[in-house]
There are 2 protein chains.
Amino acid sequence: MSELLTKAQRLKTASKTLAALSTNEKNEALARIADALIEQKEWILQENEKDISLGKENGLSPALIDRLQLTSERLMQIVDGVHQVITLPDPVGEITEEWTRPNGLRIQTIRVPLGVIGMVYEARPNVTVDAASLCLKAGNAVLLRGSSSALHSNKALVHVMQQALTHSPIPADAIQLLEDTSRETANQMFKLNNYLDVLIPRGGASLIQSVIQNATVPVLETGVGNCHIFIDESAQKQMAIDIVINSKTQRPSVCNAVETVLIHENWPYTQELLETLHNNGVELRGDHALVSSYSFVHQATEIDWSTEYLAPILAVKLVKNVKEAIHHIDRYGTKHSEAIVSENQENVNIFFRTVDAAVLYHNASTRFTDGEQFGYGAEIGISTQKLHARGPMGLRAITTTKSLVYGTGQTRS
Amino acid sequence: MSELLTKAQRLKTASKTLAALSTNEKNEALARIADALIEQKEWILQENEKDISLGKENGLSPALIDRLQLTSERLMQIVDGVHQVITLPDPVGEITEEWTRPNGLRIQTIRVPLGVIGMVYEARPNVTVDAASLCLKAGNAVLLRGSSSALHSNKALVHVMQQALTHSPIPADAIQLLEDTSRETANQMFKLNNYLDVLIPRGGASLIQSVIQNATVPVLETGVGNCHIFIDESAQKQMAIDIVINSKTQRPSVCNAVETVLIHENWPYTQELLETLHNNGVELRGDHALVSSYSFVHQATEIDWSTEYLAPILAVKLVKNVKEAIHHIDRYGTKHSEAIVSENQENVNIFFRTVDAAVLYHNASTRFTDGEQFGYGAEIGISTQKLHARGPMGLRAITTTKSLVYGTGQTRS
């Protein structure tokens, strides 16, 4: 039998034991994982070094090498992450609804694990441990499909986690790494409906699209963020500047960073905003009106409006009113995070009612679209789809429900 | 441009208007649809008659002809269904969660329409109106893809509904029928991620599988029900018999009917149960022990355990205990509805904790897995998948949420 099928079967079996464990039992197992990662630190770093050497030989970019690199400090951050997951409330067993029907049937809907989760991700070894610990905490077994360039690191991390589980209530089989990283095997994995309950791709747009295009297993889409801020005519000067600077420069490489700012043509502080951005090293690409007024604004082309730069570059555009701003967002947005800075409540209402996105902001930075910032403690990803979970996904997003119906002999007439 | 793309674009545009309408506006439009269906009754029945004639010419089975047939009475039931949808509470705008973060950000999660829903179904013209009215009530535009054998009926029904909408707050474009019923066009529809937010297949297993296998648009799987009842050693005689008879015979052709009954080998009333079933015209297929004890029980083969009969046939099997029953359900069940009849609370707890299905019953008929029986007023289908919605799906299942974040200038540090 193939590696994929063997591991999928083990996961399915393990998931049944795991689903019935108590919070304490799961936390005990997670604590063993954290301890083992510390104990085996040297070996993990050695194995990671093999990936780094191979990556350099294969000409990976310095940015990719940096993502791939584990250090003693980064490993301790990963361990801290596991400890953080231990502190999170266990969603499993929560009663989400309860009601009684006129015929006396009592119906209770309770939260239960999804079962087996397939994680598909790129060359970030930290995801291996982050995703595994979140899945286990929510009672799910997990099939990890990472990048071939991180294979030594991932094998080491999964080996250490499995060894830690052998002395814990969670079966060691509950975490499996798919070592065959071929595209053919990935496509088989994406169609493994009898074993996998959901696929969660984490990575760039092409990875996510390849999962969506090839999967028959349901996908939790985590996606691209072409986020906008609309500065209304009434926006306070300093607040608008602070929010834009924060949304663009605090961490430009992430999906909740702003990529286009739409400015009401009568807002009096456009010059101050653009100069502040320019002085903070942000490259500005604007429409004709802005280019002709400000020497440091470059001409934007059509493609700029739909680009997720993930870099200190910002598209800027003047708009006539909130409707034109919404129209632009509707056309180019990716339904991730959209903000309005305004003192006009009516325009805020229109914006909140009309814009279709996971998270809408009034007078706040788009950077808050994040599981920790939302108070979920940790995050498995940010959903940009509409089914099941939308926006930051915490532990609840990797659970489902079942209905328990308590009768006294009721039959249907 | 193709019919599919033209209609998909119209739906997307209409969905934006529709999403912003009040409950009263949507109800007014639905009332106009109900009135128009009555006014145009004769013409609808004439058009339906064309499908019936063609169906007979093409040798459709009497059962299929019956499904396809509209009568004055059936049309009035459809109209009653629309009135029922008008009375349902509108899920759109519900605040599902609200909390404040330590930095003062107030986060509100509200229910909003999904957008555009693709319904894929078979030759039941009633689904055309049922699905359309539910989708509209929840603020969604709907693309209807019915069977070619119901094309005249569906065209007439959709024409009448669109005409009714032209004088209402809902844009007439919010309901579209895909008249091209070729498989190629269906497959294009299933991949129309830029226009469709979800696909809901309603029909037999092969229809559902064809959507799952070919779709890149997220699917709400409504599925097959191979439902079980486990009669524990302590089950009350009459209660167990009543529940089994109701679950099997009250309406054998539906997905929540029972297909296999697992009987504890020490339950004292097996003979009475089997004789009652036999006397009610149920064909019994059992394991060796039952076949050798009861002349009217036929030998079951492996395939019986996984068959959804949808007919007055029942598989029966003796088991040693609740664990063996759960093991059988785990192996052959379809995660739809599973019941235990027992007076032993510990066994009920094990059953409820361990069995993985949308709905579990203690001492009640499996036939209650139904939107109306659950109190949802109406149902768009019964989900057998784990993402988004599980079990009977009411109006909430065809909505999503968005998070509204109210700030006072917060930025992330």
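Me: Which residues is L274(B) in contact with, leaving aside its neighbours within four places in sequence?
Reply: With those neighbours left aside, L274(B) is in contact (heavy atoms within 4.5 Å) with I263(B), L284(B), L290(B), Y294(B), F296(B), V297(B) and V316(B). This is a predicted model, in which local features need pLDDT of at least 70 and side-chain atom pairs count only at pLDDT 80 or more, while totals for chains, interfaces and linings use all residues. Residues are numbered from 1 along each chain as its sequence is written, chains are lettered from A and ligands numbered from 1 in the order in which they are written, and side-chain values use heavy atoms, with hydrogens and water left out.

Me: Where is L274(B) found, and is it buried or exposed?
Reply: L274(B) is found in helix α11 (residues 270-279) of chain B, where helices (H or I, at least four residues) and strands (E, at least two) are DSSP runs numbered from the N terminus. L274(B) has a relative accessible area of 0%, so it counts as buried; buried means under 20% relative accessible area, exposed over 50%, and partly exposed in between, with a 1.4 Å probe and protein chains only.

Me: Switching to the interface, how many residues does each chain give to the contact?
Reply: Chain A and chain B each bring 67 residues to the contact. The area buried between them is about 5500 Å², and carbon and sulfur atoms give 52% of that; buried area here is the accessible area (1.4 Å probe) that two parts lose on being put together, summed over both. K386(B), L387(B) and R412(B) supply 15% of the area that chain B buries against chain A, which is more than any other three residues.

Me: How many salt bridges does the rule find across that interface?
Reply: The rule finds eight salt bridges across the interface of chain B and chain A, each being a side-chain nitrogen of Lys or Arg within 4 Å of a carboxyl oxygen of Asp or Glu. One salt bridge joins D370(B) to R412(A), with the closest N and O atoms 3.9 Å apart. Another salt bridge joins D330(B) to K16(A), where the closest N and O atoms are 2.9 Å apart, and this pair crosses between chains, from helix α14 (residues 322-332) of chain B to helix α1 (residues 3-19) of chain A. D330(B) is partly exposed at a relative accessible area of 37%, and K16(A) is partly exposed at 38%.

Me: What about strands, which one pairs with β13(B)?
Reply: Strand β16 (residues 399-410) of chain A pairs with β13(B) in the parallel sense over five bridges, and two strands count as paired if DSSP finds at least two bridges between them. Within this pairing, Q410(A) stands opposite A364(B) in β13(B).

Me: Back to charges, which residues are linked with K335(B) in a network of salt bridges?
Reply: The network links K335(B) with D197(A), D356(B), K386(B) and R390(B). Within it, K335(B) and D356(B) form a salt bridge whose closest N and O atoms are 3.3 Å apart. That pair links distant parts of the chain, 21 residues apart, with K335(B) in the loop between α14 and β12 (337-341) of chain B and D356(B) in the loop between α15 and β13 of chain B. K335(B) is partly exposed, with a relative accessible area of 24%, and D356(B) counts as partly exposed at 25%.
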